[in-house]
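Work through the exercises below with the model open beside you. Try each task before you read its solution.

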Amino acid sequence: MSQSLYDRIGGDAAVNAAVDLFYRKVLADDRINHFFDGIDMAKQHAKQKAFLTMALGGPNNYTGEDMRKGHAHLVARGLNDSHFDAVMENLGATLTELGVPGDLIAEAAAIAESTRNDVLGK
Amino acid sequence: MSKITFNEKTYDLNENETVLECLLRHGVDTPYSCQSGSCQSCMMRATEGTPPIEAQAGIKPTLQQQNYFLACICKPSSDLSLCAAGNEALPKQQATVIDKTPLSAKIMRLRLAPEQSLSFQPGQFINLHRDDGLTRSYSIASLTTEGFLELHIELIENGRMSSWIHNELEVGSSITIEGAHGDSFYLGGRPEQPLLLIGTGSGLSPLWGIARAALQQGHSGEIHIYHGSREPQKLYLMEELRQLATKHGNVRYTPCLSSGEMKGVHVGRAADTALSEHPSLSGWRVFLCGHPQMVNDTKRKAFLAGANFQDILADPFTINTN
Ligand SMILES: Cc1cc2nc3c(=O)[nH]c(=O)nc-3n(C[C@H](O)[C@H](O)[C@H](O)COP(=O)(O)OP(=O)(O)OC[C@H]3O[C@@H](n4cnc5c(N)ncnc54)[C@H](O)[C@@H]3O)c2cc1C
Ligand code: HEM
Ligand code: FES
């Protein structure tokens, strides 16, 4: 069996290195940071880790249905494709900054992209 | 097989079962989400026994030290007693008021002698329970070696607990305490790391404990203390802090008054002053205590200025609504 993307990128340690970088970008990004207001930063930080673990194909038990339910309150607040694209952009920039090779970044982007319809409740 | 005890009930773990699986199998309603150790929704604390180190991955070091762990990745090798994170009630005990000294017109220093020894770190907080049930949290300013618990209580206008402490509580009387709680304290191991301590009003209390604990443990990196208030009466321990800075070359102390004028005091808010003097906080450890809005805003700003999330330790003095 070939190694998962998650293992090739460096597993838990790589995700940990990515979380702060990614979360900092999200908080500084005026296109999407209002979705993250008013939620306890520690909880939010942990959820960024859940997001990155999932996007990098790491161990998780989230289903498409979980993603639908988990983002439904954001869709009600106007979450749409442009916000999804912004998150994708921040994900790519984070991995680039960490020196992850382009082909692995493309794999991660494809995993995240595959959740689009569920996240946006389409 | 190991056993876990939760809410006074004991459950047997099946082979290779996680604490979360075991609780859910027994119909216990407990929070969780990712079930793979990343979202931290299932965080619990072991009140007896030690959780396996793997079950503490990714948790803040000051929480690891207090035996917090993630239930969904915890396969205990020995028996554990558990409580849910955020819902920890520790044993209550009585403490005697051994000293009550005003540090300024608005701040009272209270020293308590607990009946039994209390395990705490300077910077954590305890809950004070008045006989009628009124409960409030106060941060610990004293060192573990000082033999008493020191609290700094700010007089709040119409404040039930604070005015009772200032005006009625007598030296020699007894009060119920419970704790210690909180993850904002000094952990050794990185003695060269620069520290930034920002507090408003009685938010200086935990910082006074944290700064001295760091020095006691041989911290050699810079320790910058910014203490601010709107009112001169809430700037206190100024002489002691100046002396601390004279005695230890790595300590810098900047008292701040948000408006007005006072000799030897910087005009401006403590957090604004600190962040403008230290625009890059990459590699720093940051402690924030006091006014909830200051703490929450500064947490975000310190993170954006480059501090690692795990290195930002904060205690908002949240106002009670009951
Ligand atoms: C983790 C933690 C640690 C704390 N540590 C300390 C500490 O070390 N020292 C300390 O003095 N306090 C500390 N506090 C605050 C303390 O717990 C009480 O909230 C405070 O003493 C007021 O309680 P009270 O019963 O006197 O006032 P209450 O009777 O609860 O409030 C009276 C009125 O004053 C308002 N009010 C309450 N607090 C403030 C405030 N800060 N400024 C303006 N208005 C206010 C209330 O909204 C209310 O209208 C801490 C709080 C937390 C959560
Ligand atoms: C790119 C695909 C995405 C994936 C794979 C994803 C994944 C996740 C995961 C795993 C969680 C944690 C759920 C939990 O355990 O509670 C989460 C929560 C969250 N996501 Fe996403 N997400 C995506 C896109 C987005 C976008 C585009 C936004 C907004 C701009 C967003 C905003 C949030 C917020 C605010 C939360 C926290 C919700 C809360 O706690 O209330 N996500 N996401
Ligand atoms: S359920 Fe997510 S860390 Fe345990």
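**Exercise 1. Find the polar contacts of ligand 1.**

Start with R136(B). In this predicted model, an N or O atom in the side chain of R136(B) is 2.8 Å from an oxygen atom of ligand 1. Go on to Y138(B). A polar atom of the Y138(B) side chain lies 2.7 Å from a ligand 1 oxygen. Then take S202(B). Its side chain places an N or O atom 3.0 Å from an oxygen of ligand 1. Apply the cut-off: a polar contact is a pair of N or O atoms within 3.5 Å. Finish with the cover. On its own, ligand 1 has 950 Å² of accessible area, and the protein covers 76% of this.

**Exercise 2. Describe the shell around ligand 1.**

Step one: count. The shell holds 22 residues, and the closest are S137(B), Y138(B), H152(B), M161(B) and S162(B).

Step two: sort by class. There are eight nonpolar, 10 polar and four charged residues.

Step three: locate the elements. In chain B, β9 (135-139), β10 (149-154) and α3 (160-167) each give at least two residues. β9(B) has the largest share, with four residues.

Step four: move up to domains. Domain 2 (92-181) and domain 3 (195-316) of chain B each contribute at least three residues to the shell.

**Exercise 3. Identify the protein donor to the iron atom of ligand 2.**

Look in chain A. The iron has a single donor from the protein, NE2 of H71(A), at 2.1 Å. H71(A) sits in helix α4 (residues 64-75) of chain A.

**Exercise 4. Report the predictor's confidence.**

Begin with chain B. Its mean pLDDT is 95, and 99% of its residues reach 70 or more. Then take the complex. The predictor gives an ipTM of 0.89 and a pTM of 0.91.

Key: Residues numbered from 1 in each chain as written. Chains lettered and ligands numbered in written order. Predicted model: local features only at pLDDT ≥ 70, side-chain atom pairs only at ≥ 80, totals over all residues. Heavy atoms only, no water. pLDDT = per-residue confidence, 0-100. Donors = N, O, S within 2.8 Å, 3.2 Å for Na, K, Ca; no water. Near = heavy atom within 4 Å. Polar contact = N/O pair within 3.5 Å; in protein donor to acceptor, adjacent residues only side chain to side chain. Areas by Shrake-Rupley, 256 points an atom, 1.4 Å probe, with all protein chains shown as cover. Nonpolar A, V, L, I, M, F, W, Y, C, P; charged D, E, K, R; others polar. Domains from an automatic or database assignment.
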